[in-house]
Amino acid sequence: MTTTVLISGAGIAGPALAFWLRERGFTPTVVERAPALREGGSAVDFRGEQMTLLKRMGILEDIRAKETAMGAQVIVDSRGKKVAEMPSVFFSGEVEIERGDLTRILYEHTKDDVEYVFGDWITGLDERADGVDVTFAGNGPRSFDLVVGADGLHSGVRRLAFGDEERFRTDLGLRTASFTVPNHLDLDHLGLIHSVPGRTVMVASGRDRSALNVSFVFASGPLEVDRRDVEAQKKALIECYADFGWEIPTLLEGLGDVGTLYFDSLSQIHLDKWSQGRIVLLGDAAWCAGPGGSGTGLAMTGAYVLAGELAAAHGDHEVAFARYEEKLRGPVKISQKQAAGIGTFLAPKTRFMVGYRNFLYRMLGSKPMTKVFTWITSRAANAATLENYDAPVAAQR
């Protein structure tokens, strides 16, 4: 019987898996490279069947207590004049929460009986017939029955077990950056979006009215910027948006004082198989879809299915991994397909396409089209079926 499971990554997928593994009698350990939980971050939303999952975990009320409660997203021109408006349900789903707040909730629900190791990461994996010997950057070697890579787009576990990232990553031709500055626009549960050809900025303020969450999305070919060099990333943003206009000068001025900056490509991961022996991948490490693909909810659904299948197979990882992949492949395909065309909306390439995007938003934001667009945005969220695995869950305790 498989009992010990090492999970790489304490973002969202990792702690969600630890939650369900613990519920089903396994002993999970989570290792995280960062010295502590990552705070802040962009907002993530849930809708459709994903709400059922949050209820089963018993965390829905905790999420509602921290939800952004965002209102509409307003597309504006260079003078700040409204061009189109999208209802909150389109961007924020049925409930929306900042990534850091969700991570904290998952951690609080698991920390008492799940081992967390911060400030360390996996450097070597040596699979044996009955387990995996693991070496770490800081701590001494240990052995586990299974290893799960839930460590994101740039997964170290995937690199060690499957090969270099470039073999599996498909870039969508866009870069994104996000950070937080003081809310000089005095937005109140409102978001603003402004685009010029190939570049977009989105600003919003939700639960914390003193803070303005800023997101840049811009078309980009290969850009040689070290993803851990924050100063180089700031320089790249300033150069890219120097002539953008609108509120950009003030936002870029605030960027100088930002300590935490997320900066990365928008990419997808395509693997023929998500497992290799006793090592398996979850969430962005396995199938990163990109914005608009309901990735957070799908990662948490994947955690539920993976733990459930391991329990149903009595720890037989070969059977469980095959069933896990069989049940998630279809939903992942829908998620990736939905996200693949997001560039048309996030950063239209020409002035004509910017105008056409705004026209589509006006049409889709009208009352007659609300149900249609809600159905479109919920496809990925509703693609995975939540089986009732024979194990206790939080809602039943």
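Glu39 comes out as partly exposed, with a relative accessible area of 48% (buried is under 20%, exposed over 50% and partly exposed in between, using a 1.4 Å probe and protein chains only). The model is predicted, so to speak of local features takes a pLDDT of at least 70 and side-chain atom pairs count only at pLDDT 80 or more, while totals for chains, interfaces and linings use all residues. Residues are numbered from 1 along each chain as its sequence is written, and side-chain values use heavy atoms, with hydrogens and water left out.

Glu39 forms a salt bridge with Arg104, with 2.8 Å between the closest N and O atoms; the term stands for a side-chain nitrogen of Lys or Arg within 4 Å of a carboxyl oxygen of Asp or Glu. This pair links distant parts of the chain, 65 residues apart: Glu39 is in the loop between strand 2 (27-32) and strand 3 (43-46), and Arg104 is in helix 5 (residues 99-108). Helices (H or I, at least four residues) and strands (E, at least two) are DSSP runs, numbered from the N terminus. Arg104 is partly exposed too, at 32% relative accessibility.

The structure holds 23 salt bridges. One of them joins Arg158 and Glu165 at 3.6 Å, N to O, and both of these residues are buried. Another brings together Asp188 and Arg209 at 3.7 Å. Asp188 sits in the loop between strand 12 (169-182) and strand 13 (190-196) and Arg209 in the loop between strand 14 (199-205) and strand 15 (211-219), so this bridge ties together parts 21 residues apart in sequence. Asp188 is partly exposed at 40%, and Arg209 is partly exposed at 39%. Shared partners also join Glu39, Arg104, Glu108 and Lys111 into one salt-bridge network.

Turning to the rings, there are 16 aromatic pairs (Phe, Tyr and Trp rings, the last by its six-membered ring, with centres within 6.5 Å; planes under 30 degrees apart are stacked, over 60 edge-to-face, the rest tilted). Tyr116 and Phe118 are stacked, because their centres lie 6.0 Å apart and their planes meet at 10 degrees. Tyr116 is buried at 15%, whereas Phe118 is partly exposed at 24%. Phe352 and Tyr356 are stacked as well, with centres 6.3 Å apart and planes at 5 degrees. Both belong to helix 13 (residues 351-364), 4 residues apart, or about one turn. Phe179, Phe216, Phe218, Tyr241, Phe244 and Phe263 make up one aromatic cluster.

The charged end of Arg33 sits over the Trp121 ring, 3.8 Å from its centre (NZ of Lys or CZ of Arg within 6 Å of the ring centre and within 35 degrees of the ring normal).
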